[in-house]
Amino acid sequence: MKDRFKKINISEFGSLIALIALIVGISLLSKNFATVGNFLSLLRQSSINGLIAFGMTLVILTGGIDLSVGSILAFTTAIAAKLILMGVTSPLAILISLLLGAIFGFITGFIITKGRIQPFIATLISMTVFRGLTLIFSNGKPISGVTRGEDFSAAFLTAIGKGTILGVPTPVWILIIVFIVLYFLLSNTTYGRKIYSTGSNEKAASLAGINTVRTKMSVYAISGFMSALAGIILLSRLGSAQPTLGSGYELDAIAAGALGGISLSGGRGKITGTLIGVLIIAVLNNGLNIIGVSSYYQDVIKGIVILIAVLSDKER
Amino acid sequence: MKVEMKNISKAFFKNQVLDGVDLVIDDATVLALCGENGAGKSTLMKILTGMISKDEGTILIDGIEKNYSHLKEAEKDGLIFIHQELNVIPDMTVEENIFLGKEINKGGILDKKTMRKETAELMERLGVDIDPGATMSKLSVGKQQMVEIAKALHNDVKVLIMDEPTSALTISETQTLFRIIASLKKQGVSIIYISHRMEEIFEICDKVTVLRDGKCIATNNVSDVTVDDVVRMMIGREIGDRYPKRNSHFGETIFEVKHLSSAPYVRDVSFNLREGEILGIAGLMGAGRSETMHTIFGSIKKDEGEIDIEGQTVHIRNPIEAKKHGIAFITEDRKNEGLLLPFSIKFNISVANLKKLSNKLGVLDKNKEKKMTEGAIKDFSIKCSDESQHVESLSGGNQQKVVFAKWVTTDPKILILDEPTRGVDVGAKKEIYDIMNDLTKEGVSIIMISSELPEIIGMSDRVVVLHEGKSVGIVEGSDINEEKIMNLATRGV
């Protein structure tokens, strides 16, 4: 037991305290914050950023970064929406869009590893290109009406974003399941070890017989998949795919990782940290709205909170 | 300049690193500072140069008490510390490095001409041929070090502290360094020379101070003591033979390299390796020793040549395939290539054994992992608190044992070692030699690169000598001596 306690990551612990402090603070300022209903909706809101941040975490752990998440989200969502409007049943359309997300991510990873281009630049390129492709694909207009209709297809799609299971919103379940899978993947599988060692010291990992190229390509594929999954939840909730969907999402995802102690130089950090980071951002967004802070100030406050978190992480 | 350190003590938390140490350096002397890793040498030097504070004691410089609180203050008085890992900016030129932070300028505009001229003058004073406009990263480690010495000269050095200066130098570079040290001494500079290499200490130093467990054991004139005396003082006991006794029964040829080449460093290398043998690879720096091994291991692309394992020609395109063929490679750069420093001993060992420790789905068996690590810690007597200790907090010798453990647990048939005892203290060196000896008894065949000739001579059953990327000779038996090897290495005949 003592041993276990010792192993708790301090920076994780710090961000957990920050999260609790925020929740307590905002609860004191507004009665409407700490209610079951608000917490559930807060968690549901956090699922989009959460999924993207989880994918981003894997990428950052290998020492990379993925700026293309928002654009991949927009493109795959537009494709899913168009497929559904063309009469493809929604489960199949979703599957295709998830697969495409992974493929798009993989392409980026391929460019990074085989083309030896820095992840920042490579994903900046794919961010631009996929956004452009989305605009071309959708003619710059929203693709709407996907959740209209009485059939199974529409009901299925609606259930993903708006439904609840055992009183908990479906997106929250999705987030929890993905979290558990990734947690296990990082801590209990060889794949996790490959990710950490690649990010910590690529040369040493490669000399130890780890295929660092394949490891790196795979994390971008996972990140693309996560973006597409987040996109599906958005599509379900909004009922339409906007071509500008998801722009700026990469920043919230990176911020969540940074808040959770994921080192941007790779190799260090835990997915639990990212989860806490995601929750901090969600609590800030939701809480600041509830206590009536203007949205202009919200960004400033968010920035300051991230700064404090990252600085205090450095102190240790 | 006379430096006196009196009764210096320092503790980090509860760990007493220095305990009442006295150290005196006279004008124009070369003082060797010896001790095993963790004896407190670096801490003492860091205190002298103001990098860390002392708990107790006084420092007198020419009789005046000084308390430096920053490296810069010590530098002003002419105390300059050249670290083992050189402090150069690789993308800047020689001249820019020397004048870094002290650029000659007029109202912010650089006076490049004067700086270049002064750099050239410094190089001339040192008697070395380095172009002031050359980019640092393009220079050899030896030359980079000379630039650091030039920088010290430029800062009007009075006491120069050098930590393991020869660990990455070629033999000829080492000789140049010794010449420079002698000339600095003549110019009145005192030198504190930290080294594990006894041969060097006895060649260039006037006095030797030995530290052990944070205490000063003795200071002697070098002429009054022997190597064995110094080693005994360092480890506090008799060391016995420096190298274990080798048996001379070998099996069949298990591994053979024929006309291997990989431009530009490896041009034509051939040798064979017998089961249970230790094959030494000797040569000067730049002879292509490490590059040859990287080519065999698939981490450098092979241009031509054949590699046979147990009589079968194999094609190794990357380290993953090399590993499959039972080859393990312990590279010379422990920190950058061998270890994942911020991770545990367990993580480091299992990273080379992921397949063995997991099921078909890639799920790790953590019990098995723990057992394997605990076994390795015992087998290699790695000194640590437990298997979850981070390797960055281990001593150099123990880090190296972790690298050994990591590779030996993969059950290699062929083990390639590149400078296996670099930066490892005397006691741990012996342990590593014993490990090598035991491995060969179990049938592992070892290829060992080393720049320390005594090590090559003491451990190898046969020695392949490389010269400018070519294997120029194989010596065995009584031919394994310094003269024969150096002749081959320098002239390639």
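**Domains and cores**

Modeller: In chain B, 12 residues of domain 1 are in contact with 11 residues of domain 2. The model is predicted: local features need pLDDT of at least 70 and side-chain atom pairs count only at pLDDT 80 or more, while totals for chains, interfaces and linings use all residues. Residues are numbered from 1 along each chain as its sequence is written, and chains are lettered from A and ligands numbered from 1 in the order in which they are written.

Biologist: What makes two residues count as in contact?

Modeller: Their C-beta atoms, placed from the backbone, must lie within 7 Å. A:A230 is in contact with A:I48, A:L51, A:I52 and A:L73, leaving aside its neighbours within four places in sequence.

Biologist: Why is a set of residues called a nonpolar core?

Modeller: The name applies because its members are buried Ala, Val, Leu, Ile, Met, Phe, Trp, Tyr and Cys residues joined through C-beta atoms within 7 Å. A residue is buried if 20 or more other C-beta atoms lie within 10 Å of its own. The largest such core has 80 residues, among which A:I52 and A:A230 touch the most other members. Helix α11 (residues 212–238) of chain A gives the largest share of this core, 14 residues; a helix is a DSSP run of H or I, at least four residues.

Biologist: Which residues does the second core include?

Modeller: That separate core of 76 residues includes B:V269, B:V351, B:L354 and B:V465.

Biologist: How do you know where the domains of chain B lie?

Modeller: An automatic or database domain assignment supplies the bounds: domain 1 is 3–235 and domain 2 is 253–491. Their centres, taken over C-alpha atoms, are 32 Å apart.

How values were computed
A residue is buried if 20 or more other C-beta atoms lie within 10 Å of its own, exposed if 12 or fewer, and partly exposed in between; C-beta atoms are placed from the backbone. Helices (H or I, at least four residues) and strands (E, at least two) are DSSP runs, numbered from the N terminus.
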